[in-house]
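Welcome to this short tour! Please open the structure in your viewer and keep the selection tool handy.

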Amino acid sequence: MSSTRQSGAPVWAAPACLVLTAIGIGIATYLTIAHYDTHVSLVCSAKGAIDCEAVTTSAQSKVFGIPVAVLGLAYFVGMIPWHLPIAWRSADPRIRFGRLIYGLSGIGFVCYLVYAEAVIIKKICLWCTGVHIVTLLIFVVTVFATALAIPTDVVDDDEADDDELEEAEN
Amino acid sequence: MADGRDDKGRTSTKYAAKKAATERIAAQRAAQQRADRKRNLLYAGGGVVLVIVVIGGIVLAGLSSKKSTSTVHPVLPASSTVTNAITAAVPLTSTTPNLSTVTGPPKALTGAALTSTSGKPEVLYIGAEYCPYCGVTRWPLAVALSRFGTFSNLETTYSAANDSAGPNTPTLDFRHANYKSDYVDFTGIEYEDGAQKVIGTLTTEQNSLFNSVGGGAFPFIDFGGKWAQSGASYATATLAGLTPEAVAGQLTDASSKVGSSVQASADVFTAAICSMDGGKPASVCTSTGVVTATTALASLATASK
């Protein structure tokens, strides 16, 4: 008897996550360019609590000496393999839970960055908030798509019938 | 015949039993999958709600702590030390400016020229008293404009103490300042005070320029529709911990970080003003520092095309 194990993930999971990842890469690339090129300033309000420059030039804009914008870009690029259709079709628990843990690590970092903006810097960077929202949406889609995915063994139809009938006879 | 009917009957009964068993198994599997999905969705929903609650809690914590740390500095008439230092910095255009300290920098505009009601080219400044970027930018702007005319009623203050981008930045204030020049007009608007309360008014045209050209960011400077500065013209940390008088004391010292930063920005602003009034007065617009800054601005304009 031959069978294949499928993830049972909804078909919308891969395209939805890849589109969101592409948006995340776009914003993170813009923030990275603005970080390194002083002639490129972020299109962003600097009135009241909204101030992108205050956030992107703050002490919290680097983690272990690496600009947060670069970390964000690397995070979204690293997310691509987890959300390819072939990865979503796989029932391998390492991929299934690895994808969840990867998304959760992003959420953890987002929590730190929101804390840095709201509590330490007391300024909000709208572009950074865009990245946070995209990260959260990817996490939400990943969690629900994983919840809906019940791995099943897909067995050759004729053989399956024979097996089940044999079982019924006994 | 009889055996054949029995065989057919047994086969038919056996097939029906097998089919029923198959359907029963399929139904059990489907029910199990539905139950698994329902359980998983509950966990997923709970996890997502938990994440949103945590992020919301952090934001609320930030908002509540912000209200308790608001500080407003008084706006006071500029001392003679400050006004004399600006006057003394005005003729310093004979040295090559260190343009590496200049941030922003101004961007070339291609729209209609900005003129005042008197018909002269207009420099429009829109800022806020709490804003540290405005704090550092007012110094070179005042020096640059003083090369074309005269200020009166200049005041001094500090940016907001709770603004982490540059708390307590010592600065000038244009709220009550008057400016007279034969070459250009200056409109200086402090739109918000140190507590971010709106104190200024913008005309429809000013508001349109502020949002469409300046991106709604303080400070915004429109040099006659030719150039626009959005944001600080040098690092806010340059003036950290100083008083307006201490800044004034270093304005003419090109070897100091404060003096070189203010002078370089002032030369860039001067070059922008020269481009809007036809290069007058020549004594200013053909000076070494301004010519260097003009070349730098021209290369910026070329690069942006």
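How many bridges join strand E9 of chain B to strand E10 of chain B? Keep in mind that this is a predicted model, then select residues 220-223 (E9) and 227-230 (E10) of chain B: four bridges join these strands, which run antiparallel. Now click on B:Asp222, and you will find B:Ala228 of E10(B) opposite.

Next, show the whole sheet. This open sheet of chain B has five strands in the order E2-E10-E9-E3-E8, with mixed pairing. At its edges are strand E2 (107-108) and strand E8 (185-192) of chain B, each pairing on one side only.

Move on to helix H2 (80-89) and helix H3 (132-146) of chain B, whose axes are 9 Å apart and which pack at an angle of about 60 degrees. Because of that angle, H2(B) is oblique to H3(B). Show B:Ile86, B:Thr87 and B:Ala89 from H2(B), with B:Ala142, B:Val143 and B:Ser146 from H3(B), to see the residues that make the contact.

For the last stop, display both chains: 36 residues of chain B are in contact with 32 residues of chain A. Select helix H1 (2-67) of chain B, which gives the largest share of chain B's side, 24 residues. That side has 18 nonpolar, 14 polar and four charged residues.

Conventions: Residues are numbered from 1 along each chain as its sequence is written. Chains are lettered from A and ligands numbered from 1 in the order in which they are written. This is a predicted model: local features need pLDDT of at least 70, side-chain atom pairs count only at pLDDT 80 or more; totals for chains, interfaces and linings use all residues. Two strands pair if DSSP finds at least two bridges between them. Helices (H or I, at least four residues) and strands (E, at least two) are DSSP runs, numbered from the N terminus. Two residues are in contact if their C-beta atoms, placed from the backbone, lie within 7 Å. Ala, Val, Leu, Ile, Met, Phe, Trp, Tyr, Cys and Pro count as nonpolar, Asp, Glu, Lys and Arg as charged, and the others, Gly among them, as polar. Axes are lines fitted to C-alpha atoms, for helices over the stretch in contact, and angles run from 0 to 180 degrees between N-to-C directions. Angles under 35 degrees count as roughly parallel, over 145 as roughly antiparallel, 65 to 115 as roughly perpendicular and the rest as oblique.
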